[in-house]
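Please keep the structure in view while working through the points.

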Amino acid sequence: MTPEESVTPEESVTPEESVTPEESVTPEESVTPEESVTPENDAAAPTTVAVIGGGQMGSGIAQAFLTAGCAVTLVESFAPDRARERVTAGLEGAASRGKLAEEVSAVLARLSVHASVSAVPAGAALVVEAVPEDAGLKAEVLRAAEGVVGRGAVLATNTSSLSVTELAAALGEPRRFLGMHFFNPVPASRLVEVVVAAETAADVVETARAWVDRLGKTGIVVTDSPGFASSRLGVLLGLEAIRMLEEGVADAAAIDTAMELGYRHPMGPLRSTDLVGLDVRLAIAEYLHDTLGERFSPPQLLRDKVAAGELGRKTGRGFHDYR
Ligand SMILES: NC(=O)c1ccc[n+]([C@@H]2O[C@H](COP(=O)([O-])OP(=O)(O)OC[C@H]3O[C@@H](n4cnc5c(N)ncnc54)[C@H](O)[C@@H]3O)[C@@H](O)[C@H]2O)c1
């Protein structure tokens, strides 16, 4: 038997159909024009959404909700102009591929970008926090957001790994808080993990799932635990690939090709780490190392690359070169 013949279907991963950005979003299904949406009265569409943090993920989350017809307030403290540019570039890319149902200018008219959480509208139905993976910072931002929005709003964190239950301790009303873990790049990715913390109310979970559906994405419900379902598996694969690179098992292209062709992953583990950002991956690995043990110990090569500013696609170089 050849090695190929010995591979059972179970050993290869399911072949995810790669999607182009926006294919997963259904702009046609425009939202209802209700101003104040509560988890109880409308699970179909958050009319007004606030996203805090306008980096890679926050700008993508903003684009996804805008494209679905929502009004979006994007709060980016350090680079608001850059955040607006990111969303604009994403929408223009979608329009050029014929994937946007409206004019870019019409979609952008629903976007406002601000530097402070105090700009979050009191009538926002949903606030998604997407600031860097730092528990103290996230708690501070979520507490500030809770102080601005109305009682009916749902609060969500896009954390990749941190305990949603621990973050909930920052809030006065933890029942309305949960994880909505979007994937990168958000407009193209079809998955959102809906992470249920110890005190998250069942109706809030259902509302969040309905909103994910509305974006044309699939929500999976996961109990809050370190790394949830996705990061726990994805990071482990990425860390092992980095260790293999350190040990000289193969070069980066070969390791990625092994998983892309051998196991039909749409993207190899090193290319995937480059897309996520090596700094982001390192922060997650450190947290998973602390909570789940030695198997998540970050390899020295990952630390060295982050220290050298080789953060992946966003800096032009990571495990592969994008310049
Ligand atoms: N990068 C990924 O692939 C990915 C995937 C899923 C989830 N996540 C998670 O999403 C979150 C954000 O990740 P990212 O990759 O977008 O990071 P990023 O560094 O690209 O973006 C974070 C943004 O938050 C801004 N910010 C910092 N403090 C702020 C504050 N107090 N108020 C408003 N904005 C503030 C920063 O200026 C930055 O633009 C993290 O929790 C990360 O773990 C990342």
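1. The model under review is predicted. Its chain contains 11 helices and 8 strands. Of the 323 residues of the chain, 45% count as buried. Among contacts between residues at least 6 apart in sequence, 69% join residues at least 24 apart.

2. In soluble globular proteins, nonpolar side chains tend to be buried together. Here the largest nonpolar core has 83 residues, and the members that touch the most others are V127 and L178. Helix α10 (residues 278-292) supplies the largest share of this core, namely 7 residues.

3. The surroundings of V127. Which residues does V127 touch, if those up to four places away in sequence are not counted? They are A50, I52, V120, A145, V149, A153, L155 and A156.

4. The position of A125. This residue belongs to the loop between β3 (111-114) and β4 (126-129). Is A125 buried or exposed? A125 is buried, because 28 other C-beta atoms lie within 10 Å, and the cut-off for a buried residue is 20 or more. A125 also illustrates how sequence and space may be compared: A125 and A153 are 28 residues apart in sequence, while their C-alpha atoms are 4.5 Å apart in space.

5. R143 in helix α4. R143 is part of helix α4 (residues 135-146). R143 has 15 other C-beta atoms within 10 Å and is therefore partly exposed, a class that lies between the limits of 20 or more for buried and 12 or fewer for exposed. Leaving aside residues up to four places away in sequence, R143 touches A170 and L171. L155 is 12 residues from R143 in sequence, and the C-alpha atoms of the two are 10.0 Å apart.

6. A168 in helix α5. A168 is located in helix α5 (residues 164-168). A168 counts as buried because 24 other C-beta atoms lie within 10 Å. P174, F177, A197 and E199 are the residues that A168 touches, not counting those up to four places away in sequence. A168 and R143 are separated by 25 residues in sequence and by 9.3 Å in space, C-alpha to C-alpha.

7. The packing of α8 and α9. Two packed helices are described by the angle between their axes and the distance between the axes. For helix α8 (residues 252-262) and helix α9 (residues 269-276), the axes come within 7 Å and cross at roughly 105°. The two helices are therefore roughly perpendicular to each other, as angles of 65 to 115 degrees are placed in that class. On the α8 side the contact involves A252, I255, D256 and M259, which meet P269, L270 and R271 in α9. By class, the residues of this contact are 5 nonpolar, no polar and 2 charged.

8. The packing of α7 and α9. Helix α7 (residues 230-246) packs with α9 at an angle of about 115°, and the axes are 8 Å apart. It follows that α7 and α9 are also roughly perpendicular to each other. Their crossing is left-handed. The contact is made by G234, L237, G238 and A241 of α7 together with P269, L270, S272 and T273 of α9. How many residues of each class take part in the contact of α7 with α9? There are 4 nonpolar, 4 polar and no charged residues.

9. Backbone features to inspect. Most residues other than glycine have a negative phi, and most peptide bonds are trans. Against that background, the peptide bond from N184 to P185 is cis, with omega near -5°. P185 is in the loop between β6 (177-182) and β7 (191-196). F228 has a positive phi, near 50°, and R264 has a positive phi as well, near 60°.

10. F228 is found in the loop between β8 (218-223) and α7, whereas R264 is in the loop between α8 and α9. F228 counts as buried because 21 C-beta neighbours lie inside 10 Å. R264, with 12 such neighbours inside 10 Å, counts as exposed, since the limit for an exposed residue is 12 or fewer.

How values were computed:
Residues are numbered from 1 along each chain as its sequence is written. This is a predicted model: local features need pLDDT of at least 70, side-chain atom pairs count only at pLDDT 80 or more; totals for chains, interfaces and linings use all residues. A nonpolar core is a set of buried Ala, Val, Leu, Ile, Met, Phe, Trp, Tyr and Cys residues joined through C-beta atoms within 7 Å. Helices (H or I, at least four residues) and strands (E, at least two) are DSSP runs, numbered from the N terminus. Two residues are in contact if their C-beta atoms, placed from the backbone, lie within 7 Å. Axes are lines fitted to C-alpha atoms, for helices over the stretch in contact, and angles run from 0 to 180 degrees between N-to-C directions. Angles under 35 degrees count as roughly parallel, over 145 as roughly antiparallel, 65 to 115 as roughly perpendicular and the rest as oblique. Ala, Val, Leu, Ile, Met, Phe, Trp, Tyr, Cys and Pro count as nonpolar, Asp, Glu, Lys and Arg as charged, and the others, Gly among them, as polar. A crossing is left-handed if the near helix is turned anticlockwise from the far one by less than a right angle, and right-handed if clockwise.
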